[in-house]
Amino acid sequence: MPQLLNGNEAAAHAARLARVEVLASYPITPAAPVMEKITQFITEGSLKANFVRVESDHSALAAALGASMAGARSFLITNSQGLAYMSEVLYHVSGLRQPVVMAVVNRALAAPHSRFPEHGDAIAQETAGWIQFFCENNQEVLDSLLQAFRLGEDERVRLPVMVNYEGYIQSHTREVVDLPDQKVVDSFLPLVRRPVLDVENPLAVNTVASPAVYMDYKFHQDEALKRAGEVAREINAIYAGLTGRDWGGPVSGYRLEGAEIVLVTMGSLVSTARVAVDALRSAGEKAGLLKVRLFRPFPLTEIRATLKTVKAVVALDKNIVFSSGGALAREIRAGLYGHAAVPVYSYILGLGGRDVDVEDLMAIYRQVRDQRQAGAVPAPYQWYGL
Amino acid sequence: MDLITSLAEVPETELFTGGHGGCRSCGAAIAVRQALKALGPRTIITIPASCMATIGGSDLTTAWEIPFYHALFETAPAVASGIRAALDIQGIKDVNVVSWAGDAGTADIGFQSLTGAAERQENIIHVCYDNETYMNTGGQAGSVTPYLAVTPDTPGGKPTPRKDMLAIMAAHRPAYLATASIAYPLDLIQKFQKAKEIQGFRYIHILAPCFKGWGIREDQTVQVARLAVESGLWLLYEEIKGQRRVTYRPERRVPVADYLRLQGRFKQMDDAAVAALQAEVDRRFQEVQS
């Protein structure tokens, strides 16, 4: 049933529909409203869950991990400073193969102090072993969160999942969001318990691992993350069958037919890029868009398949890996290496909430088109909007 | 509930078995063995970075006969809070949830999560096994290391007194609070028996010497633990909803010097320092006994 919801409200409803059992979360701007809304659901009786009112973000994930290991479906919300603070716990959760789901309301990392959106916080945790979704709009936030529970809990995966959406642009902006029926969600998300801390079957979890075993654990973890892409595609298809909404697999294309210069991006910028591509096409440009939905595991096969025949790729990164450039650009170049010599133009933009609008993307497109015509090799990365 | 009043009544089952990796006469291992006699097999234990977290086994071996999780250093009480929330939502009510930490995981790096859990009145038992130093990383000084103790990072003696964790935890108004000593196993076991039956946040602080860190002989672990109590330096009491009851009172206190002189870590203490400590112990003993 369609409602006007902001991204935070959409996330809260997803947690409710998923019947999360333990919420352990610490407030942080602009994510806190999600937890507040969930506690309202609990108080009014529309969600039966225990809220652990932890005293820090680091403890939030520790408590969520404890709950997951003891067999409960657990959930939390954070971003930027909180996400960075709980960083070491992220590695515990993924290394212990616990399917905790976390909504990350992307925000720039201090210093300087910022409250505003960009993807740097999530990118900083790209090696933590979590599945990472980036959502284009509030509907996708809700749908991706529901899919995240099933994906993380899948036997073939058993990994934690981060669902990213941007602070303010998405968290605080209302859009029409259709809420699936509770019955539909229940059939999509049956509760499966796999406690590892269980008095009926005592196990010692996280003993000291010598060089003889550690690396093998990491191999299996890596294999699981690699499998997650295919399982995500499968789950999306099932969800599409139940709700009529198909978000595609790890990537989805827009007007790629005959496209010569393709914009590639994640998150809210995808919506902006759709409008820009339409405008460019109207002006006779052979523009296209590739949306990256799943950043981890990065969809190398899909990237190669979709981009190997285009003339140029423009990677739009709302993040910066200092001295190295944008994370998307790096992943795309790695994916194409040895398969296709497609030039990848890398743009750093929108950091710390600096606005990026349709005209900006069209200007970038034209810049790339001109640079191509001049025969220049793409710079490692360029800044836009300084 | 029938309190165990003699060693003959102590259950034989070991929930932390022999073959563990602790040093001979490890005070930590003794403490956990004693506690588990009271807590029994329906117990989930989470232990942050510490000797105790590692001596239970490595790779695919374990001495634990109960569910055990080696938690991140700061997190044991937070993890325990999450475990309890999960058990509650599943309707599982008869399992003890224990966060068992050393002094660092309790008073220092673990303090944030401890104070949070205590304030929330989490239905868990937090146990501090206290050897008064950061033994797992080599014995460096922490906030509960005694004044003038020599450690690898305070080679001239620790310049500040020990932080009073019992007062700090009492200020959280826990449902149950107790001190214990491995040299008084029946007292310790009874306290765990009582704690087990109480709902809410329970805090038990056990003095558990480490011969290595304290500079004593291996075979002196229990003897020195006993001297701490017999000198009045370590008081044995419990508080139920803030009401204190002394559970053991030495008939005649021995001088603290008898306790201190056995330990290499106190070699920087001169007569004046010993006298000051004696005066401090005398004062506190009077306060508590009255």
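**Domains, partners and local details**

Modeller: Taken over C-alpha atoms, the centres of domain 1 of chain A and domain 2 of chain A are separated by 28 Å, and please keep in mind throughout that this is a predicted model.

Biologist: Which residues go into domain 1 and domain 2 of chain A?

Modeller: The domain assignment of chain A gives residues 2–243 to domain 1 and residues 251–383 to domain 2.

Biologist: And how many residues of the two domains of chain A are in contact?

Modeller: On the domain 1 side there are 26 residues, in contact with 22 residues of domain 2 of chain A. At least two residues of that domain 1 side come from each of α6 (120–123), β6 (131–134), β7 (161–166) and α9 of chain A, and α9(A) gives the largest share, with 5 residues. Sorted by class, the side of domain 1 of chain A that touches domain 2 has 13 nonpolar, 8 polar and 5 charged residues.

Biologist: Let's stay with α9(A) for a moment: at what angle do α7(A) and α9(A) cross?

Modeller: The axes of helix α7 (residues 138–153) and helix α9 (residues 214–243) of chain A cross at roughly 125° and come within 10 Å. The two helices, α7(A) and α9(A), are therefore oblique to each other, and their crossing is right-handed.

Biologist: Which residues of α7(A) and α9(A) meet there?

Modeller: From α7(A) there are A:Asp143, A:Gln147, A:Arg150 and A:Leu151, and these meet A:Ala228, A:Val231, A:Ala232, A:Ile235, A:Asn236 and A:Tyr239 in α9(A). By class, this contact of α7(A) with α9(A) has 6 nonpolar, 2 polar and 2 charged residues.

Biologist: Moving along chain A, in what order do the strands of the open sheet come?

Modeller: The open sheet has 6 strands in the order β10-β12-β11-β14-β15-β16 of chain A, with mixed pairing. Its edge strands are β10 (251–254) and β16 (382–383) of chain A, each of which pairs on one side only.

Biologist: How do β15 and β16 of chain A pair, parallel or antiparallel?

Modeller: Strand β15 (residues 344–348) of chain A and β16(A) pair in the parallel sense, over 2 bridges, and A:Ile348 has A:Trp383 in β16(A) as its bridge partner.

Biologist: Which strands of chain A does helix α10 touch where it packs on the sheet?

Modeller: Helix α10 (residues 269–282) of chain A touches β10, β11 (261–265), β12 (287–292) and β14 (312–317) of chain A, and its direction makes about 165° with that of β12(A). Helix α11 (residues 300–307) of chain A also packs on the sheet, touching β10, β11, β12 and β14 of chain A, and the direction of α11(A) makes about 20° with that of β10(A).

Biologist: Now the partner: how many residues of chain B are in contact with chain A?

Modeller: There are 38 residues of chain B in contact with 39 residues of chain A. On the chain B side, β1 (43–48), β2 (68–71), α3 (76–89) and α5 (111–119) each supply at least two residues, and the largest share, 11 residues, comes from α3(B). The side of chain B that touches chain A divides into 17 nonpolar, 15 polar and 6 charged residues.

Biologist: Which strand of chain A is joined to β2(B)?

Modeller: Strand β9 (residues 204–205) of chain A is joined to β2(B) by 2 bridges, and the two run parallel. A:Val205 stands opposite B:Tyr69 in β2(B).

Biologist: Within chain B, how far apart are the axes of α3 and α5?

Modeller: The axes of α3(B) and α5(B) are 7 Å apart, and the helices pack at an angle of about 40°, which makes α3(B) oblique to α5(B). In this contact B:Ala76, B:Pro77, B:Ala78, B:Ala80 and B:Ser81 of α3(B) meet B:Ser113, B:Leu114, B:Gly116 and B:Ala117 of α5(B), and the class count is 6 nonpolar, 3 polar and no charged.

Notes: Residues numbered from 1 in each chain as written. Chains lettered and ligands numbered in written order. Predicted model: local features only at pLDDT ≥ 70, side-chain atom pairs only at ≥ 80, totals over all residues. Axes fitted to C-alpha atoms, helices over the stretch in contact; angles between N-to-C directions. Helix = DSSP H or I, 4+ residues; strand = E, 2+ residues; numbered from the N terminus. Parallel < 35°, antiparallel > 145°, perpendicular 65-115°, else oblique. Left-handed = near helix turned anticlockwise from the far one by under 90°. Contact = placed C-beta atoms within 7 Å. Nonpolar A, V, L, I, M, F, W, Y, C, P; charged D, E, K, R; others polar. Pairing = 2+ DSSP bridges. Domains from an automatic or database assignment.
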